[in-house]
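Colleague: I would like to go through this model with you step by step, asking at each point what a given word rests on. Could we begin with the surface?

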Amino acid sequence: MPTLSNVIKSVGLVTIIAAIGKVLGFGRESIIAAYFGASSMADVFFVASLIPTILFTALGSGLQAGVIPIYLEKKADNPKKADEFISVLGSFFMLVAGVLTIACMIFIKPLVMMTAPGFSDSELALTESLTRIMLPSLLFFTLSYMATGVLNANKRFILPALTSTAQNTVIIAATVLFAAPFGIEGLAWGFVFGAASQFLIQYPSLKKYGIRPIVSFLPHKRQIAQTLFTFYPIIIAALAIQLNSVVDRIIATSLETGSVSALNYANRLLWLPLSIVLTPLITVLYPSIVERALIGYQSFLNLTLKGLKSLLFLAIPFMVVMLISGNSLITLAFQRGAFDASATDMTYRAFLFYSACLPFFALRDYLMNAFYALKKTKVAMYSCLIAVLLNVLLSWVLSRYLGVGGIALASGISMLLQSLYLFSYLWLKTGRTDKAAFRDVFQESGKLTIIGAIIYGIALWIHPLTLSLPIIMELVIITLLVFGLYLGLSILFKVSSLQGMKRIRSSK
């Protein structure tokens with residue numbers, strides 16, 4: 001069982017690698033914005049990427065989240081048989097990915113019309129063409145997620161963390177080299193090559209575990225059937241999560257031109273702190289949470305709630321910076337070339353509401369993993385389905401009044417309610433004598449809410465004084481102010497997450 005100190009070290013390493021990937025990710029989005037802006041052409045590309053993204057996320061999330069509990073459980077009994085079974089499972093999912101790719105190719109027209117009802121005939125035709133180019137990426141993404149699940153289960157986090165760097169590097173190169181001669185189709189091909197790169201960089205390490213293609217499924221049919229019964233709620237949950245993006249983009253196609261692109265750029269910016277700081281923590285903790293769940297519920301609960309407090313602690317200062325300096329962040333990241341001031345304004349309308357709900361995006365993913373570790377996959381599935389229904393209703397209503405900002409707000413509200421649903425389930429499942437750990441979570445949340453409100457008020461008061469400075473200087477001043485005050489107030493309020501990190505440092 002890894003110590004907390006080792007977990008922190010792993011999180012730090014993955015965070016550094018993720019930061020590099022995200023810097024490249026911003027380079028990618030900035031280059032795409034510079035070439036295509038918040039235009040109908042960019043809208044077409046982002047909608048065309050929906051179908052392969054939905055499919056690979058459903059299969060990939062099922063593999064990545066589902067493989068780790070099954071693999072660790074089987075590995076405890078017989079490591080060799082565990083490797084063999086994962087090989088069978090991965091091969092089976094590759095077959096499923098191939099069938100889905102062919103089916104989508106056949107039914108491409110109705111699928112595109114369903115995802116982009118607000119597009120013109122010419123935009124629909126281009127969307128079909130781009131979707132056909134990008135669909136084979138499903139095969140590479142499935143392989144990549146399979147590799148990530150196995151490597152993370154073996155506590156090998158570096159190569160999986162590098163997949164984002166590889167993909168972004170390839171897409172940047174493809175955009176620069178192919179956008180001018182081939183237009184938006186060059187970007188679509190970059191999407192496919194980027195997907196392939198994610199698996200290729202993990203393959204050398206994957207071979208060490210004897211993972212290989214196995215096409216004889218009959219000897220393993222009972223195990224496959226049992227696993228699929230475990231996996232199907234995870235796959236449905238992943239599909240439901242992706243349906244949120246589909247709903248958002250479908251509704252955005254009925255708004256002003258560029259709304260789909262603005263929503264995409266705002267979402268990408270939201271995921272900067274999520275991917276660099278919060279997702280690494282979730283990724284590194286997940287195998288340990290699975291191991292704790294195999295030991296017993298109380299052991300699982302203690303680690304899960306510690307992780308939850310850490311996520312909240314890390315999310316608050318990023319949320320405050322994004323709320324205060326969101327417009328400057330968008331200007332710095334995207335405003336160049338075809339991405340003009342009007343595109344910045346449209347993107348900011350979505351980003352403002354996304355920022356306000358930042359902690360709940362992280363908590364939803366974290367709690368979903370906790371339920372997968374407990375093998376309460378159906379509870380996670382139902383929470384996702386409820387969240388989709390809420391998002392559909394709220395997006396449709398709020399977009400009428402707030403435009404693209406209403407869509408972002410609807411997503412945030414659905415994340416909040418889903419997180420509360422999952423947390424409440426854990427609370428109700430826990431016996432009365434074991435609820436002390438929850439009281440600590442409530443106290444910590446209260447402290448962080450007060451600290452966040454104080455810092456937001458101070459930063460909001462000072463922010464106008466920095467607007468005459470260059471954007472970089474403004475962002476540096478606001479970031480240092482927010483994080484400095486946050487650290488000081490966390491010490492004053494004796495925030496337990498900070499105290500835990502100090503104990504780790506002093507024990508070295």
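Predicted model: local features only at pLDDT ≥ 70, side-chain atom pairs only at ≥ 80, totals over all residues.

Colleague: What share of the 508 residues counts as buried?

Modeller: Buried means under 20% relative accessible area, and 54% of the 508 residues of the chain count as buried.

Colleague: Why is alanine 179 called buried?

Modeller: The cut-off for buried is under 20% relative accessible area, and alanine 179 has 8% relative accessibility, so alanine 179 counts as buried. Alanine 179 has its place in helix α8, which covers residues 158–182, and, leaving aside neighbours within four places in sequence, alanine 179 is in contact with Tyr35, Phe36 and Ala174.

Colleague: What makes the radius of gyration agree with that of a compact globule?

Modeller: A compact globule with 508 residues would have a radius of gyration near 23 Å, and the chain has 22 Å, so the two values agree. The C-alpha atoms fill a box of roughly 60 × 60 × 40 Å, taken along the principal axes.

Colleague: Which secondary structure elements does the chain have, helices or strands?

Modeller: The chain has 20 helices and zero strands.

Colleague: How many of the contacts between residues at least 6 apart in sequence join residues at least 24 apart?

Modeller: With contact meaning heavy atoms within 4.5 Å, 84% of those contacts in the chain join residues at least 24 apart in sequence.

Conventions: Residues numbered from 1 in each chain as written. Heavy atoms only, no water. Helix = DSSP H or I, 4+ residues; strand = E, 2+ residues; numbered from the N terminus. Rg over C-alpha atoms; globule rule 2.2 N^0.38 Å. Buried < 20%, exposed > 50% of the residue type's maximum accessible area, 1.4 Å probe, protein only.
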